[in-house]
Amino acid sequence: MLFNPTGFTECLREWEDLEKNHQQMQDTHRSYKQKLEEVAKLQDSCSGAIARQRKKLKELTASLEECKENHPTPKLNPEDVDAIAEIEDSIKERADAFSEMEAFLPKKNGLYLTLVLGNVNVTLLNKQSKFAYKDEYEKFKLVLTVILFVFSFTCRFLFSYRALDALFNFLLVWYYCTLTIRESVLISNGSRIKGWWVFHHYVSTFQSGVMLTWPEGALYQMFRNQFLTNCLYQSFVQFLQYYYQSGCLYRLRALGEKHNMDVTVEGFQSWMWRGLTFLLPFLFFGHFWQLYNSITLFRMFQLPECKEWQVVMCCCSYVVLFMGNFFTTLGVVYQKYMNNQDKSKIL
Amino acid sequence: MSKPKFQTEWEEIDEEYQQLQETHKIYRQKLEELTNLQTTCSGAISKQRKCLKDLRRSLTKGSQTCDEKELELITDIRLQIKEKENVFFDMEAYLPKRNGLYLNLVLGNVNVTLLSNQAKFAYKDEYEKFKLYMTIILMFGAITCLFFLNYRVSDEIFNFLLVWYYCTLTIRESILMCNGSRIKGWWVSHHYVSTFLSGVMLTWPQGPMYQRFRSQFLAFSIYQSFVQFLQYYYQSGCLYRLRTLGERNQLDLTVEGFQSWMWRGLTFLLPFLFFGHFWQLYNSVTLFRLGGLEDCKEWQVFMLALTFLILFLGNSLTTLKVVHQKLQKNQEKMQKND
């Protein structure tokens, strides 16, 4: 079949069109890069201005405190007292306004993210992307929890090889490491997860790492089934948590009572009293299982044939996990109890 | 009564705050315009790519049945299309893009494109520094494990550090690639292989087999860290020189191998590299021998033997290719001169 001469001219014409478009595109790209520079400058000036404002407000607060101390109230003009109170209120509001502004400005990463990622900016610069990132984090947790459930089921009931256990433990280490990275990114983006719920992922990473290095042996076999069943139970409870918590968070966000960047956690938080109280017994049972693990390991440690350092290390990690989990959850229950007491007193 | 001092101060601060709010509003507006421009540019690039792909296909069809003049034109257009691809790659280094599978798994969908040349270069510099510091730390770690502490625990810590180091390298290199760096092929894959190797070493239980291989492995780690240190030190200097001459891209990195640009002054590194590669082969042979012994029950031995073999093959073949290319170039030069 002869090559159609008109086909070839068509190609040439298309090529010329593409060249024209290419020129246009390069122009757009050039103006884009210009705008990029403008935006970068604006970012710098905003960040600088916020830092300056913060410093000045700090100085002002200090001088106001001085004012109040040096001039006891009766000597102060009542107008001045009012003015000072007003200014102090406004200063508090400003602090919130600054946090809101900074959520859309790039910032330096914390130590952990700098170590892992380097100095790439992880601030998502609009609400949509932040929310999408949070959604993705939740999905990631859910999918991995299901995978870990299936895997631990396989290791516990189907195949009993140290190599497979090692693979499972590697997956656990990787999962918890990735969670810590993603949570650091979320915190950079204005999410308010903190305290124990962040730290306990680091402890879990460490604990899974230690399990990884535990060599095959009589003592390992003694603990293996208990460990795998615990993992099975934990995955199941986490699945319940994410499933019900996401629904609850969605409802509360729609009511405007929760922040958009709040995430599901592996524990019990105060907002969960509204419909998720049924989760508490499951959680406490899981915590006490962790205590039971540490007791078992401690008993194993005292056996004469125990030569592995992993036993005492895992024991300590489980104790830390139990105490952190249990007391944090207990704290929430206690607060609720106090709130109820206050309410009944008012009534 | 005159206004108290704090009142004037507050009014000053308030005025600046109003200005800040204005600036921030303008910033948010410009940010939105920027995002729209980004979408336009990315859309235009992918459309152009698609059209060029179609054009290339129809040209390939046409080149089979046409005369010489048209063939010349077609080849010319083909070359220009390839150039355009490079232009697209460079343009996209300044546009946000979806992360690849690996970064998506680890980071999620946060954009890792650094949007200015300065930031990219600073990031690359940071990557190099990270490699340098970690190499020194790993060298000291290996020396400590080999000569001072003979405990499985310290070995574990060393192996965990190795796994973490290689994992972090893979993450940072993925980010660099998103930002326009042209590292590819073996020099990226071999970090994944090294992660796997260190992971397997990690799970190898204490025992006679482990003790027999341990010293060899730690000595090898010390040598490797030493060579890597040499590499980064001399390569960075060379790259700096070549960059100022305009002969290398700003984002070119130091690698753990030998690349074509290194013939200009870094040839002395080659024997060190080849010695390291053959040490990897020796590790593999030792492990295969250990694996063949009767009392060897650990699966790690065989797995490590294979992994070291893969590392040896990848490293030496890639380096040989560079040497081969150079020899060929020299031959061509000599032929031209004759």
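Predicted model: local features only at pLDDT ≥ 70, side-chain atom pairs only at ≥ 80, totals over all residues.
Residues are numbered from 1 along each chain as its sequence is written, chains are lettered from A in the order in which they are written, and side-chain values use heavy atoms, without hydrogens and water.

**Interface of chains A and B**
- In contact (heavy atoms within 4.5 Å) are 75 residues of chain B and 77 residues of chain A.
- The two chains bury about 6800 Å² between them, 73% of it on carbon and sulfur atoms; buried area is the accessible area (1.4 Å probe) that two parts lose on being put together, summed over both.
- F6(B), W10(B) and Y27(B) supply 11% of the area that chain B buries against chain A, more than any other three residues.

**Salt bridges**
- Five salt bridges link chain B and chain A (a side-chain nitrogen of Lys or Arg within 4 Å of a carboxyl oxygen of Asp or Glu).
- K84(B) forms a salt bridge with E19(A), with the closest N and O atoms 2.4 Å apart.

**Annotated spans of chain A**
- An unreviewed UniProt entry places "transmembrane region" at residues 140-161, 271-289 and 309-334 of chain A; such annotations may be inferred rather than shown by experiment.
- Residues 309-334 of chain A are 100% helix (DSSP runs of H or I, at least four residues).
- Residues 271-289 of chain A are 58% helix and 0% strand (E, at least two residues).
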